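Here is my notebook from a first visit to this protein. I wrote down each thing as I looked it up, and you are welcome to follow along.

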Amino acid sequence: MALTNYRDLSTSMSDVSAGFQFEFFCEKCGETTRSAFKPYRKGQITGWLSRFAFMFYDLNKASRATGAFAEAGGGSAKSEALAEAMAAAAPLYERCETCRKWVGRECWNAGTGTCRECATKAATGGGGGGYGASGGGSVCPNCQTPSEGGRFCHECGFDMASTHKSCPACGVTLPRAARFCTDCGHGF
């Protein structure tokens with residue numbers, strides 16, 4: 001099954017910096033990984049020709065034709081680059097069969113074969129009590145250890161009552177489910 005959790009960061013196909021790059025992300029926590037930038041040489045050459053041709057009025061028409069040439073071959077080159085990027089990113093993500101989201105290794109519970117959030121809901125009867133501090137069947141959403149009660153997980157120290165997190169870049173407080181900082185744009 002092909003990954004659907006990506007953003008296209010590719011640059012124009014008829015520019016001196018033409019190339020393909022994709023960013024894959026966990027649909028739970030927003031943690032990202034980027035594919036290596038793959039230059040699109042035909043587009044880069046076209047970009048240089050366009051810049052050179054712009055200086056001469058008659059060559060400007062040739063520049064537009066060259067740009068169309070680069071765009072025409074760019075679709076298949078982009079598809080190939082995406083396929084390569086997906087193949088490299090595939091081992092980093094699992095698809096939760098319960099919520100149908102792609103999640104990274106940090107949000108995956110190999111023991112249940114689901115994401116940690118769905119594993120927590122299943123362990124607590126689906127009630128969402130997994131984040132409470134009251135024990136009695138709750139599971140730590142960070143390490144999936146059954147809670148003994150109290151505010152912090154006795155196994156990993158996770159704050160069971162916390163509903164927020166801090167941005168590591170600027171320190172602003174955000175909801176735990178935030179994928180990007182609202183102040184500085186940092187991705188989680």
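Predicted model: local features only at pLDDT ≥ 70, side-chain atom pairs only at ≥ 80, totals over all residues.

Entry 1: I started with alanine 122, which is exposed, with a relative accessible area of 63%. That value is over the 50% needed for the word, so I call alanine 122 exposed. Alanine 122 belongs to helix H3, which covers residues 116–123. I also looked up its distance to valine 139, 17 residues away along the chain: the C-alpha atoms are 9.7 Å apart.

**Entry 2: the whole chain.** I then stepped back for an overview. I found 3 helices and 11 strands in the protein. Read from the N terminus, their order is β-β-β-β-β-α-α-β-β-β-β-α-β-β. Of the 188 residues, 35% are buried. The accessible surface is about 10500 Å², and carbon and sulfur atoms supply 56% of it. Among contacts with a separation of 6 or more, 36% join residues 24 or more positions apart.

**Entry 3: a sheet.** Which strands make up the open sheet of 3, and in what order? I read the order as E1-E3-E4, with antiparallel pairing. From one strand to the next, the twist averages 20 degrees.

Next I checked the pairings. E1 and E3 are joined in the antiparallel sense over 3 bridges, and tyrosine 6 sits opposite phenylalanine 24 of E3. E3 (residues 22–25) also pairs with E4 in the antiparallel sense, over 3 bridges. There, phenylalanine 24 faces threonine 33 in E4. The hairpin of E3 and E4 has 6 residues between the strands, and its glycine 30 takes a positive phi near 85 degrees.

**Entry 4: the two sides of E3.** I reminded myself that side chains in a regular strand alternate between the two faces of the sheet. In E3, Phe22 and Phe24 point one way while Glu23 and Phe25 point the other way, and all are buried.

**Entry 5: the rings.** How many aromatic pairs does the structure hold? I noted 2. Tyrosine 6 and phenylalanine 22 make an edge-to-face pair, with 6.1 Å centre to centre and 85 degrees between the planes. Tyrosine 6 is in strand E1 and phenylalanine 22 in strand E3, so this pair ties together parts 16 residues apart in sequence. Tyrosine 6 is partly exposed at 30% relative accessible area, whereas phenylalanine 22 is buried at 2% relative accessibility.

Tyrosine 6 and phenylalanine 24 have ring centres 5.9 Å apart and planes at 45 degrees, so I logged this pair as tilted. With tyrosine 6 in strand E1 and phenylalanine 24 in strand E3, the pair ties together parts 18 residues apart in sequence. Phenylalanine 24 counts as buried, at 1% relative accessibility. Together, Tyr6, Phe22 and Phe24 form one aromatic cluster. I also spotted arginine 7 over the face of phenylalanine 25, at 4.1 Å from the ring centre.

Entry 6: Is serine 35 buried or exposed? I found it buried, with a relative accessible area of 15%, and under 20% is what the word asks for. Serine 35 lies in the loop between E4 and strand E5 (38–39). Leaving out residues up to four places away in sequence, serine 35 touches Gln21, Phe22 and Ala85.

Conventions
Residues numbered from 1 in each chain as written. Heavy atoms only, no water. Helix = DSSP H or I, 4+ residues; strand = E, 2+ residues; numbered from the N terminus. Buried < 20%, exposed > 50% of the residue type's maximum accessible area, 1.4 Å probe, protein only. Contact = heavy atoms within 4.5 Å. Areas by Shrake-Rupley, 256 points an atom, 1.4 Å probe, with all protein chains shown as cover. Pairing = 2+ DSSP bridges. Axes fitted to C-alpha atoms, helices over the stretch in contact; angles between N-to-C directions. Phe/Tyr/Trp six-rings, centres within 6.5 Å; stacked < 30°, edge-to-face > 60°. Lys NZ or Arg CZ within 6 Å of the ring centre and 35° of its normal.
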